[in-house]
Amino acid sequence: MSSHSPHGQSPLRTVQVLGGGNAGSSAHVRSLAAGLVARGVRVTVCAPSEAEHLYDFTGAGAEHVHVPRSSDPGSVAALRAACTDADLVHAHGLHASFRAVLALSGRRTPLVVTWHSRARAEGARAHLLRLLERRVAKAAAVVLGTTSDLVDRARRTGAKDARLAGVALPGPRPAEGQEDAEQPHPKVRAELGAIGRPLLMAVGSLDRHRGYDLLLDATRAWCRLDPVPLVVIAGEGPLRPELQRRIEDEELPVRLLGRRDDVGALLSAADLALLPGGEEARSVLAQEALHARVPLVAALAGGVRELVGDAAELVPPDDAQAFAAAVVRLLDDPQRCERLRDLGTRQTATWPTEDETVAQVLSVYDELTQPLPMI
């Protein structure tokens, strides 16, 4: 793969643009930045400072430029300045892509867009999102969709060139000084209060679309079990006070852990992983659960079926009773759990590697920046 500018005089310079950045898109940009830098590409990541703190883009060899979230009026101007000498701009997510379109207005810099999930809203905001999608799809040289549904949507919206994109889950980055340390599962379970009882785990920001109301509804059915399973939720967000109030008022066996940087260790100690909702096309939790050989119960939302295949217990969306029943069945069926673990191992082998993901993206960059051969 070439990593030079179209004139062959200097390394290709790309700008990666993130908005707020969910876990999947932020981890992908971190992985992509590391792979591109290793191949001689100069990478600038435009993202809020909190994303740099969490994902350490500079540690991957990229330059980080703080660009405020889309609600900040200075974000487009900051992004336009950062893209001044770019050979190509690659934006991730709808809002980041729209800001990139505005920042590149009047320039001939190629724009690549990756849609990691479908933006959803109701009422007037839904109409606005459709307009943004159309503007972005028509302006982008290439739209990469992480699922076939997103690729089809991009084509319907007016994309000139829409393709399915491989997106690999980056391997965990150990904390400083912890490279060789591994916390034993019994210690993790003891700290969580899950000794002698099943441990069920969900991960994700405490937002409405994550399905946590449904999860708490389902939890009521597990209170009749002996021993009663403990549900832990790693994540932070605006719904925390409301969820905590329900947990206390209804005396539910649920703990809100807040934001954690040891999710991998927590998940490996769990008996089941839970995905009650969410619109991520390639759920990070689903990928991590299958990699960790932890059986997964997931609502059929987003691109979960395309991602996990038969390697998870899938239930209809917005059905707390079905979700609860699936969990109870798995807790009572160790053979089914072992079967899901084996299916998960096979499914993860079909996912693209980080190297394959970087190679695909770099081939798109080369298409857009290399001069056409003389005929």
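Let me start with Arg 293. It counts as partly exposed, because its relative accessibility is 30%. Here buried means under 20% relative accessible area, exposed over 50%, and partly exposed in between, using a 1.4 Å probe and protein chains only.

Some ground rules. This is a predicted model: local features need pLDDT of at least 70, side-chain atom pairs count only at pLDDT 80 or more, and totals for chains, interfaces and linings use all residues. Residues are numbered from 1 along each chain as its sequence is written, and side-chain values use heavy atoms, with hydrogens and water left out.

Back to Arg 293. Its phi is positive, near 60°, and the residue is not glycine. Arg 293 sits in the loop between helix H11 (284-291) and strand E12 (296-299). Helices (H or I, at least four residues) and strands (E, at least two) are DSSP runs, numbered from the N terminus.

Asp 318 also has a positive phi, about 60°, without being a glycine. You will find Asp 318 in the loop between strand E13 (313-315) and helix H13 (320-331). Asp 318 is exposed, because its relative accessibility is 72%.

Now a backbone feature. Which peptide bond is cis, with omega near 0°? The one from Asp 226 to Pro 227. Pro 227 belongs to the loop between helix H8 (212-222) and strand E9 (230-234).

The whole chain, quickly. There are 15 helices and 13 strands. Of the 375 residues, 50% are buried. Take the contacts with a separation of 6 or more: residues 24 or more positions apart account for 64% of them. Contact means heavy atoms within 4.5 Å.

Next, salt bridges: a side-chain nitrogen of Lys or Arg within 4 Å of a carboxyl oxygen of Asp or Glu. How many does the structure hold? It holds 22.

Look at Glu 133 and Arg 153. Their side chains form a salt bridge at 2.9 Å, N to O. Glu 133 is in helix H5 and Arg 153 in helix H6 (residues 148-157), so to speak distant parts of the chain, 20 residues apart. Buried or exposed? Glu 133 counts as buried at 5% relative accessibility. Arg 153 is buried too, with a relative accessible area of 14%.

Then Glu 367 and Arg 163. Their closest N and O atoms are 2.8 Å apart, in a salt bridge. Glu 367 is in helix H15 (residues 354-369) and Arg 163 in strand E7 (residues 162-164), so this pair ties together parts 204 residues apart in sequence. Glu 367 is partly exposed at 47%. Arg 163 is partly exposed at 21%.

Arg 260 pairs with Asp 262, with the closest N and O atoms 3.0 Å apart. There is also a network: salt bridges that share partners join Arg 208, Asp 213, Asp 217, Arg 220, Glu 242, Arg 246 and Glu 250.

Last stop, the surface. Arg 118, Arg 130, Arg 134, Lys 138 and Arg 156 form a positive patch. Patch residues have over 30% relative accessible area and no salt bridge, with like charges joined within 9 Å. Helix H5 (residues 124-139) gives the most, three residues. Lys 138 is in H5. Arg 118 lies in the loop between strand E5 (111-115) and H5, and is partly exposed at 34% relative accessibility. Arg 118 and Leu 150 are 32 residues apart in sequence, but 7.1 Å apart in space, C-alpha to C-alpha.

Methods. Patches are made of residues with over 30% relative accessible area and no salt bridge: like charges are joined within 9 Å, nonpolar side chains (Val, Leu, Ile, Met, Phe, Trp, Tyr) within 5 Å. Accessible areas come from the Shrake-Rupley method with a 1.4 Å probe; for residues, only the protein chains shown count as cover. Lys and Arg count as positive and Asp and Glu as negative; His and the chain ends are not counted. The place of a charge is taken as NZ of Lys, CZ of Arg, CG of Asp or CD of Glu.
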